[in-house]
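Open your viewer and get ready to select a few residues. Here is a short tour, one stop after another.

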Amino acid sequence: MPSTHTPASNVLSLRAKAPASPCKIVFVTHGEGRGRTVATDMAFMDRLRENDPEMVSQIRTHRTGSGPFDFRDVGLIVFWLGDPLRQKYPQCYAEAVQIEATASIYGIRVINSPFGLSNTSKADQARIWNPAGLPSAKAERADCAEDLPATASKVGFPCIIRSDDVHCQRGVAIAHCAEDVARVAATISFPAAVIAFIDVQASWRATGDETSLFSRYHHKARAIVFGGEVKASHLFFSTDRIVGLSNSVFAREDTLRRNFARRFGLGARVVSEMIDADLAHFDAPVAHADQLVKAVAALGLDFAAVDYSIMPDGQPVIWEANPYFYLPSGQQSVFSAERQAVRRVDETFDWMAARLKAEFEGALSAGDKSYAEPEMVLLSAAN
C-alpha cells in the first residue's frame, strides 16, 4: 500500500478575501516540460464547450510548477496526471500531495489521488489485485537485467515481459523459455514487469465453437470506470497475443491498399464481423462491471480506463487500469464511419461530463459547512 506519510505543506497566509462559494472544478495537469501530454483532456474540453458551456465556466486548470494553487473557490479537484506518478514525475507528485493535503483541511473532494496514481505500474497493480481476489494475471518486477531470469522463473512460462511503468504496447515480448528471457533482457527498459500469460483464446477454443471471433483471434476489451459507473469503450481483435490498436486487425485493414482490396471481397467478411462485435460491445452493459469497479477502487483511484479480456463465461481477465488514457476524436478513429466513432466518442465524453458533474454536485452537497473559507494558497514544489 502507498505510504501515508504526507510532506509538510508549504503554505503562505494571505489577506482574507470576501467569502466565495466553492463553485469551481480544478483540473491539475502537467506543466510545460514536466510530463507527457495526452490529448484526451483537450478533446474532452472541446466537447464540453460545445455541449455544456455553463459547466466549462466552472472549470479551470492548474499546471504543476506554475505557481501558487488558490483554494478559495474550489469545490472539486481532479488530478489528470501521468502515471505511475511518484515513479515517473516526482516533482509533480510532490506538488500533488501538497495540494491534496491542503484540500483535505478544507474538505475539498479530490478525484484520482496522487497516491492512487502511483499504484499503476504493472507489478504494483498485480500486487494489489491478486490478494484481493480480482481476476488478473500474476506479475513481478525486475529492477535490472540481472534480476530478470529469476523473476521470469518465479512467474512461470510463457510470460509477458514489458516496461513496468509504461501504458503502451511498445517493447512488449513473450518469453517461452530462459533463452527468450536472455534475448529480451538486452532490449527491454527497466524496471520491467514479468506477467503471467493467460491464453484466453485457448479457453474459447476449448468450448468447441471454432467460428467465434474469440476463438479465431486474440482480443482486448476496454471500459471506462468513473466512481461506481462503467462505460464500454472498444473491442479489438488481433493475430498477436498482445493486443493493442497498432497491431489490431482494424489498424491493419484501415489502409488505402486494404480498403481497395475489400472492394473485391478480400477480408471484407472478417472486418464486418469485428465491427459488429465492437459496436455490440460499446452499446451493451459491461458484463461483470462490478469487478472493474473494484479493480479501480483497489488502486485508490476514482477514474480509469480498464483493459481486459473476456472469458467464455463473461468473466474478465483484467490486464491494466490506465487513468491517463488516450481517447482520440471520432474523426481520427480507425474505421471511423463504419464503427460510428464520432457518436461513440461524443457519448463517452458526455458520460464522463455527467459523472464529473455528479461528483461535483455530490461534493458540494456533502461538504462540511463548518469548514472555514480557505485563506491560503499552496506553493508549488518548485517554489
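## Start inside: the cavities

The structure holds 3 cavities of 30 Å³ or more. A cavity, on a 1 Å grid over the protein atoms alone, is a set of points where a 1.4 Å probe fits but cannot get out, and lining residues have an atom within 4 Å of a point. Grid points are joined across faces, edges and corners, and a volume is the space filled by probe spheres set on the points. The volume of the largest cavity is about 310 Å³. Select Ile160, Arg241, Ile242, Val243 and Trp319 to find its centre: of the 19 residues in the lining, these are the closest to that point.

A word on the model before you go further: it is predicted, with local features needing pLDDT of at least 70 and side-chain atom pairs counting only at pLDDT 80 or more, while totals for chains, interfaces and linings use all residues. Residues are numbered from 1 along each chain as its sequence is written, and side-chain values use heavy atoms, leaving out hydrogens and water.

Now colour the elements around the largest cavity. At least two lining residues each come from strand 8 (159-163), helix 8 (200-205), strand 11 (218-226), strand 13 (303-310) and strand 14 (316-322). Helices (H or I, at least four residues) and strands (E, at least two) are DSSP runs, numbered from the N terminus. Strand 11 gives the largest share of the lining, 3 residues. By type, the lining has 8 nonpolar, 5 polar and 6 charged residues. Here Ala, Val, Leu, Ile, Met, Phe, Trp, Tyr, Cys and Pro count as nonpolar, Asp, Glu, Lys and Arg as charged, and the others, Gly among them, as polar.

Next, select Glu320 in strand 14. Is Glu320 buried or exposed? Glu320 counts as buried because its relative accessibility is 6%; buried means under 20% relative accessible area, exposed over 50%, and partly exposed in between (1.4 Å probe, protein chains only). Show Lys122 as well: a polar contact of 3.2 Å joins the two side chains, Glu320 and Lys122. A polar contact is a pair of N or O atoms within 3.5 Å; within protein, one must be able to donate a hydrogen and the other to accept it, and residues adjacent in sequence count only if both atoms are side-chain atoms. Leaving aside residues up to four places away in sequence, Glu320 also touches others, including Arg162, His167 and Asp307. Contact means heavy atoms within 4.5 Å.

Move on to Lys231, in strand 12 (residues 229-238). Lys231 is buried too, with a relative accessible area of 17%. Among the residues that Lys231 touches, beyond those up to four places away in sequence, are Phe282, Glu347 and Trp351.

## Backbone stops

Most residues other than glycine have a negative phi, and most peptide bonds are trans. Zoom in on Asp83 and Pro84, joined by a cis peptide bond with omega of about -10°. Pro84 sits in the loop between strand 5 (74-79) and helix 3 (85-88). Phe157 and Pro158 are also joined by a cis peptide bond, with omega of about -10°.

Finish at Asn112, which is not a glycine but has a positive phi of about 60°. Asn112 is buried, with a relative accessible area of 2%. Gln340 has a positive phi too, near 55°, and is partly exposed at 36% relative accessible area.

Note on methods
On a 1 Å grid over the protein atoms alone, a cavity is a set of points where a 1.4 Å probe fits but cannot get out, and a pocket is an open set with protein on both sides within 12 Å along at least five of seven lines; lining residues have an atom within 4 Å of a point.
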